[in-house]
Amino acid sequence: MPEMTAISLTVNGQARTLTATPDMPLLWALRQELGLAGPKFGCGAGLCGACTVQIDGQPARACQMPVGAVGTARITTIEGLQRDPLFERLRAAWLEIDVMQCGYCQAGQLLSAHALLKATPQPDAAQIDGAMEGNICRCATYPRIRAAIAKVAKEAGHGR
Amino acid sequence: MGVEAIDRRSFLRVSAALGGGLALEIAVPGRAMAAAATPAELSAYVTIAADGVITITGKNPEIGQGIKTALAMLIAEELDADWARVRVVQADYDPARYPDQFAGGSLATPRNYLPMRQAGAAVRQMLLQAAATRGAVPLAELTTEPGLVVHAPSHRRWTYGELAAAAAHLPLPDPTRVPLKDPRKFRIVGTPQVGVDSAKVLRGEPLFGIDTRQPGQLYAVFESAPAHGGRLKSCDASAAEKAPGVVAVIPLKEAGGAYALVDGVAVVATNYWYAESARTLLKLEWDLSAAKGHSSEAYAAAAKALLDKGAGTSLRKDGDAQARLATASKVVSARYAYPFLAHAPLEPQNCTALYRDGALELWVPSQVPRQAVGMIETRLGIPAARITAHMTRIGGGFGRRLDNNFAVEAAAIAKALPGRPIQLIYSRADDLKRDFYRAAGWHAFQAGLDSGGRLTALTCHAVTFGTDGKPNRACEMDANNFPAGLLADLAYQQSLLPTTIPTGPLRAPRSNAHAWAFQSFLDEVALAAGKDLPQLMLELCAEDRIVGDHSDPAKALSAFSTTRARGVIQRVLADSRWASRPRSGPRALGFGFYFCHYGYFAEVADVTVEVGDYRVNQVWVAGDVGSQLVNPLGAEAQVRGAVIDGLAQAAAQAITFADGAPQQSGFDGFLLGRISATPPIAISWVPSPNPPTGLGEPALPPVIPALTNAIFAASGRRIRSLPIRA
């Protein structure tokens with residue numbers, strides 16, 4: 001049986017320590033030990049993307065990563081992107097187009113979109129769908145998710 | 001069809017708001033709306049602060065349907081508020097002040113459209129009166145601009161904030177007599193408005209039920225029988241109790257069955273993960289004998305036997321359909337079947353509860369908190385008067401949270417741990433296992449055509465689930481299913497199968513299945529008659545008719561108007577260029593129409609069939625929900641969401657059972673729609689001079705027959721059993 005131990009993490013640029021069993025998924029450490037509500041619990045199996053965070057800048061499913069295996073990797077949640085210029089452009093587009101309905105999946109959607117545009121500033125339609133395929137929106141806001149990502153990409157293109 | 005389907009009698013109470021300003025409560029008793037309406041009052045609460053900021057309380061549960069925004073827009077419109085200075089706060093469950101605090105049936109818009117406007121108009125009237133007194137000018141010379149009362153002759157103006165304290169001391173106008181705006185002068189209603197909570201959600205703020213955090217909070221999971229109807233025989237919790245983080249293991253006894261509380265064992269820990277891990281260490285013995293034989297295959301075989309036998313309980317008998325069929329020049333027969341479905345909202349069921357000194361405090365993401373509180377009172381003996389229920393934002397409803405077993409469980413766990421706030425969380429497997437499923441169903445149809453290809457008779461025998469001659473929850477077939485009332489010889493029958501599987505309403509309950517079965521069969525009938533489905537529909541709807549009771553305002557909106565049906569059918573045919581599309585090759589159009597939840601929707605799907613699978617290229621939607629959209633942004637979101645939801649249901653969704661146990665336990669087995677399968681969706685609104693009605697549901701049903709009829713047109717494969725990719 002796993003035993004509780006002190007674990008150090010770097011979350012949103014800050015050093016955090018918690019006591020947990022190493023097998024605890026990062027999601028539950030973030031939500032219930034460190035008090036971050038942004039990453040959401042949807043399926044616990046890496047199939048819905050509601051718990052998406054970034055680990056060293058790459059989108060990752062926090063429900064699939066044991067907290068004991070994170071080590072020194074940098075974890076970013078939606079709470080940690082508040083002054084990120086690309087995130088702010090995404091958030092503005094999300095609001096302008098009124099993407100969300102219930103909103104439960106949207107932090108995960110934004111983190112996936114953010115990682116996509118960081119790596120591929122001018123994605124085509126297939127690249128947008130490919131990057132967002134792992135994020136379920138049960139309300140099916142997909143048409144507006146596509147439109148919001150395309151809008152941010154287009155504005156960035158014009159800004160060059 | 002009457003324009004005013006909602007009784008207007010109402011009254012207001014007013015008082016000075018804390019810190020200066022005006023507080024208004026409006027109550028509208030005696031609504032004469034749907035049969036489900038309880039004889040409760042409807043109320044809203046408005047405050048205007050001295051600085052002019054207006055706070056409107058949202059009374060209804062927000063499940064993503066946008067009601068928190070839409071109802072506030074109605075009040076703000078007639079108040080002539082500056083929308084940018086309106087704040088909307090969520091009410092607690094408070095039946096003394098706010099009746100109808102529920103989200104279901106697409107009812108919030110039709111029930112609240114007029115009362116919310118009257119509330120706003122009454123406040124505006126008081127502000128005008130206050131300005132008349134202050135400026136010593138005739139009331140008739142005053143008008144308003146957003147947030148201001150204006151006296152044009154003297155070029156004077158007062159902010160609402162300046163007037164609010166004085167207005168609060170004025171007598172109340174009768175809200176049924178205050179003038180309402182001409183909708184052509186609306187500044188807020190009918191304009192696209194972003195959801196009032198969107199900015200917060202997009203910063204990850206803790207608004208949802210599962211985000212609730214109370215000091216010293218613990219987390220619970222609840223292990224129930226693996227099969228519906230199972231009973232707990234024995235529990236050995238010794239290993240689980242010793243697991244890391246575990247605080248308590250609590251066996252709970254059945255009280256009220258699946259809809260309230262079933263046998264099970266709660267594991268309470270300092271973190272959900274510890275509770276979830278420890279539950280695997282429980283050694284439980286279950287008596288599953290009651291669930292034996294309750295399997296999808298057994299149900300299908302029993303349904304087939306009932307349909308073969310042919311005689312069900314009559315739901316409706318117009319003329320003599322059997323005699324007509326006997327003399328028809330052509331008879332078309334077919335059977336249709338659809339599976340159980342789960343709701344699978346993305347936020348799993350959860351509820352936070354704190355029991356202390358005989359009182360219970362709940363943070364409950366419920367579509368109908370009244371039912372949660374009532375059930376807890378009945379089953380756990382905590383008086384409703386000692387229960388406080390906070391309504392959280394809700395991560396999707398779809399009808400799942402109209403049933404509140406999760407709240408009863410949370411309350412029972414909290415009651416066993418007085419003084420400790422506990423949050424019960426369902427795993428995804430729990431959520432799929434403990435659902436109240438859209439019922440599976442089976443239909444046998446027969447239709448008769450005369451020598452001229454006219455439909456002359458229709459029969460439908462439906463098999464669904466029921467007990468003691470009564471259909472189970474959300475299982476019954478609607479005796480008014482189209483084309484009832486438009487065909488002289490028509491008969492609908494129903495037979496019931498016993499089940500242990502709990503059923504419940506899923507977005508557009510019943511309609512989400514019946515639209516598919518009826519519109520698919522009518523597509524077959526139309527083709528047998530040498531025409532297409534829209535042509536048959538337009539023939540059946542050729543005369544201006546109202547089917548149903550439209551003299552009774554309570555039923556007027558439920559009555560079916562052929563005029564409104566034709567309006568959306570013709571519009572979607574034009575939008576999709578139905579008549580001019582080629583009729584051959586692997587790409588084709590399919591059509592579907594349905595009327596439910598007061599909304600008329602006609603939809604066309606453009607589908608390509610290739611190598612045993614299909615792709616949806618586009619969907620066109622034409623909808624009539626009355627004279628006015630409240631928030632066009634929200635309205636379009638509901639329609640697109642419903643269409644994509646319907647496409648995903650039809651494509652691959654099913655919950656199957658083996659001896660009462662669901663065979664799907666996650667999103668690998670129960671497949672929700674994803675972005676890549678989402679086609680472009682074009683929406684046309686067909687306004688009509690009717691009261692505005694809701695949009696959470698009615699756009700979903702017709703897309704499923706539109707899809708399957710298109711697959712037939714493109715491939716010759718008639719889909720008579722869902723899901724398509726079974």
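User: Where is Pro723(B) found, and which bond joins Leu722(B) to Pro723(B)?

Analyst: Pro723(B) is found in the segment after helix H17 (703-715) of chain B. Helices (H or I, at least four residues) and strands (E, at least two) are DSSP runs, numbered from the N terminus. Most residues other than glycine have a negative phi, and most peptide bonds are trans. A cis peptide bond joins Leu722(B) and Pro723(B), with omega about 0°. Phe482(B) and Pro483(B) are also joined by a cis peptide bond, with omega about 10°; Pro483(B) lies in the loop between strand S23 (470-471) and strand S24 (489-497) of chain B.

User: On what basis are such features reported?

Analyst: This is a predicted model, in which local features need pLDDT of at least 70 and side-chain atom pairs count only at pLDDT 80 or more, while totals for chains, interfaces and linings use all residues. Residues are numbered from 1 along each chain as its sequence is written, chains are lettered from A and ligands numbered from 1 in the order in which they are written, and side-chain values use heavy atoms, with hydrogens and water left out.

User: What is the mean pLDDT of chain B?

Analyst: pLDDT is the predictor's confidence in each residue, from 0 to 100. Where it is low, the predicted coordinates should not be read in detail. The mean for chain B is 92, and 94% of its residues reach 70 or more. Over residues 1-21 of chain B, however, the pLDDT is below 50; this stretch has 78 contacts (heavy atoms within 4.5 Å) beyond near neighbours in sequence.

User: Which residue of chain B has a positive phi although it is not a glycine?

Analyst: Ala136(B) is such a residue, with a phi of about 50°. Ala136(B) is placed in the loop between helix H2 (108-135) and strand S6 (142-145) of chain B.

User: In which sense do S17(B) and S18(B) pair?

Analyst: Two strands pair if DSSP finds at least two bridges between them. Strand S17 (residues 350-356) and strand S18 (residues 359-364) of chain B pair in the antiparallel sense over five bridges, and Tyr355(B) stands opposite Leu360(B) in S18(B). The two strands form a hairpin with two residues between them, and Asp357(B) in the turn has a positive phi of about 55°. S18(B) also pairs with strand S19 (residues 387-391) of chain B, in the parallel sense and over five bridges; there, Trp363(B) has His390(B) as its bridge partner.

User: How many residues of chain B are in contact with chain A, and what area is buried?

Analyst: In chain B, 60 residues are in contact with 54 residues of chain A. Buried area is the accessible area (1.4 Å probe) that two parts lose on being put together, summed over both. Between chain B and chain A this area is about 4,800 Å², of which carbon and sulfur atoms give 59%. Leu202(B), Arg203(B) and Ile675(B) lose the most area in chain B to chain A, together 18% of what that side buries.

User: How many salt bridges are there between chain B and chain A?

Analyst: Side chains of opposite charge can pair when their charged atoms come close. The rule requires a side-chain nitrogen of Lys or Arg within 4 Å of a carboxyl oxygen of Asp or Glu. The count between chain B and chain A is four. Asp211(B) and Arg31(A) meet in a salt bridge through their side chains (2.9 Å, N to O).
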